Amino acid sequence: MNNSVTNTARLLGAALRALLVLTMVTGVIYPLAVTGVAQGLFNDKANGSETEADGRVVGSSLIGQQGYSLDYFQPRPANGLGENSVNTRYDLILSGATNRSGDNPELIKWVKEAKAEVVKENSTADYKVRPSQVPADAVTSSGSGLDPHISPAYADLQVHRVAERNGLSVAEVRKLVDEHTEGRTLGFIGEPRVNVLELNIALKGLAAGR
């Protein structure tokens, strides 16, 4: 009986020691080590890839935003354009696709309405947008609904409107787009893209300097 109690106590003591050691290693030492390496080598990414303007954080370069006035470049539509869509305001708590097929009547309706809106908003006195010019990313959301990028084609489509509303020349705004166009990752992964938040920050600075 005494041996049984002794063995049980010994096993419980060993289990407790193992628990304490593993708690320290995996719950304290490892997280602190990883955090230290991340802060030291990848400080910007570790802190959410924050983007600053006028001395304050205005967003993340990894997450899209909604709510820009027509003075600025517009992002992709949020995930779905209807009341029952998955993500209607780039809500960071929600991320996902509408899961509607390409021939879904509701999706087709959303896309047609969005295309008509893009044509209307981006046509100016001296530049008329044709429906055939509207790229897919102007009327469809990304899979996550949080994409911070648009295609160079969609950015170029907005140049005339942005230039007119900010008192800038088309050449100035187009140059700004070119400067903020990123190529394919490693030269072959993905597609060329434009970060809308970073582009709009640069646009604000350019317009303010006039």
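Tutor: Helices here are DSSP runs of H or I with at least four residues, and strands are runs of E with at least two, numbered from the N terminus. This is a predicted model, where local features need pLDDT of at least 70 and side-chain atom pairs need 80 or more, while totals for chains, interfaces and linings use all residues. Residues are numbered from 1 along each chain, and side-chain values use heavy atoms, leaving out hydrogens and water.

Student: Which helix holds Ala46?

Tutor: Helix H2, residues 43-46.

Student: Why is Ala46 called partly exposed?

Tutor: Buried means under 20% relative accessible area and exposed over 50%, with partly exposed in between (1.4 Å probe, protein chains only). Ala46 has 39% relative accessibility, so it counts as partly exposed.

Student: What does Ala46 touch, leaving out residues up to four places away in sequence?

Tutor: Ala38 and Gln39, where contact means heavy atoms within 4.5 Å.

Student: What makes a set of residues a nonpolar core?

Tutor: The members are buried Ala, Val, Leu, Ile, Met, Phe, Trp, Tyr and Cys residues joined through side-chain atoms within 4.5 Å. The largest such core here has 26 residues, and among those touching the most other members are Phe73 and Val173. H4 (152-166) gives the largest share of this core, 6 residues.

Student: And what does Val173 touch, not counting residues up to four places away in sequence?

Tutor: Phe73, Val159, Val162, Ala163 and Leu168.
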